[in-house]
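Visitor: I have a model open and would like to learn how to read it. Where do we begin?

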Amino acid sequence: DSRARILLRFDGIEFDPVELRVVRDGAITELHPKVSRLLELLASRAGQLVSKEELVDDLWPDTVVNEEALTQLVRKLRRALGDDAHQPRYVQTVTTRGYRFLPEVVTVMATPAPDRAPLSVPLAAPPGGTEAVPPPRLRTWVVLAAGVLVVGVLALLSWQALRLAR
């Protein structure tokens, strides 16, 4: 794929939500789509408590699952990151409430070079900086809203042109 995409970096790990994988020290770990989505949700809100309810609602929309399903997914994410639930470096359990992603996360834009090696360019300043890139899900909604607005304006202009042509 020659298109640029957003990557998340933390603690020497690069996470690619499109390719569903993490890269650490050159080693690639493929992620199950739900594990990848969980990592994306937690990393996009690094340092903040994300409730179990929010995670279940996002990961299993329109489906009833028990809390054990989320617990198992978090276990798989920890395994992929080499994390330990008792001494977490990445995913902290907040008993009965949810989870918190611990490391600082930097959002970068990856642009494949001619030899297909990614060239990463920082898009967001570290915490305390003035520039930031919205999380991937917010960007999707912004693009969708802009598209709906454009279609609406075109429809209105077409209707006006037809009215004037009569």
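Guide: Start with a helix pair. The axes of α1 and α3 come within 9 Å and cross at roughly 85°. Axes are lines fitted to C-alpha atoms, for helices over the stretch in contact, and angles run from 0 to 180 degrees between N-to-C directions. Helices (H or I, at least four residues) and strands (E, at least two) are DSSP runs, numbered from the N terminus.

Visitor: What kind of source is this?

Guide: This is a predicted model, where local features need pLDDT of at least 70, side-chain atom pairs count only at pLDDT 80 or more, and totals for chains, interfaces and linings use all residues. Residues are numbered from 1 along each chain as its sequence is written, and side-chain values use heavy atoms, with hydrogens and water left out.

Visitor: How are α1 and α3 oriented to each other?

Guide: Angles under 35 degrees count as roughly parallel, over 145 as roughly antiparallel, 65 to 115 as roughly perpendicular and the rest as oblique. α1 and α3 are therefore roughly perpendicular.

Visitor: Which residues of α1 and α3 meet?

Guide: Contact means heavy atoms within 4.5 Å. From α1 come Lys 34, Val 35, Leu 38, Leu 39 and Leu 42; from α3, Leu 70, Leu 73, Val 74, Lys 76, Leu 77 and Leu 81.

Visitor: Which residues of α2 are buried?

Guide: Buried means under 20% relative accessible area, exposed over 50%, partly exposed in between (1.4 Å probe, protein chains only). In α2 (residues 52-59), the buried ones are Lys 52, Leu 55, Val 56 and Leu 59. They span an arc of only 95° around the axis, so they sit on the same side of α2. The arc is that of the directions from the helix axis to the C-beta atoms. Exposed Glu 53 and Asp 57 are on the face turned away from that buried side.

Visitor: What do the buried residues of α2 pack against?

Guide: Their partners are α1 (33-43), β5 (49-51), α3 (67-81) and β7 (98-101).

Visitor: Which residues touch the most other members of the largest nonpolar core?

Guide: A nonpolar core is a set of buried Ala, Val, Leu, Ile, Met, Phe, Trp, Tyr and Cys residues joined through side-chain atoms within 4.5 Å. Among the 28 residues here, Leu 39 and Phe 101 touch the most other members. β1, β2, α1, α2, α3 and β7 each supply at least two residues of this core.

Visitor: Why is β1 called largely enclosed?

Guide: Five of the six residues of β1 (residues 5-10) are buried, so the rest of the structure largely encloses this strand.
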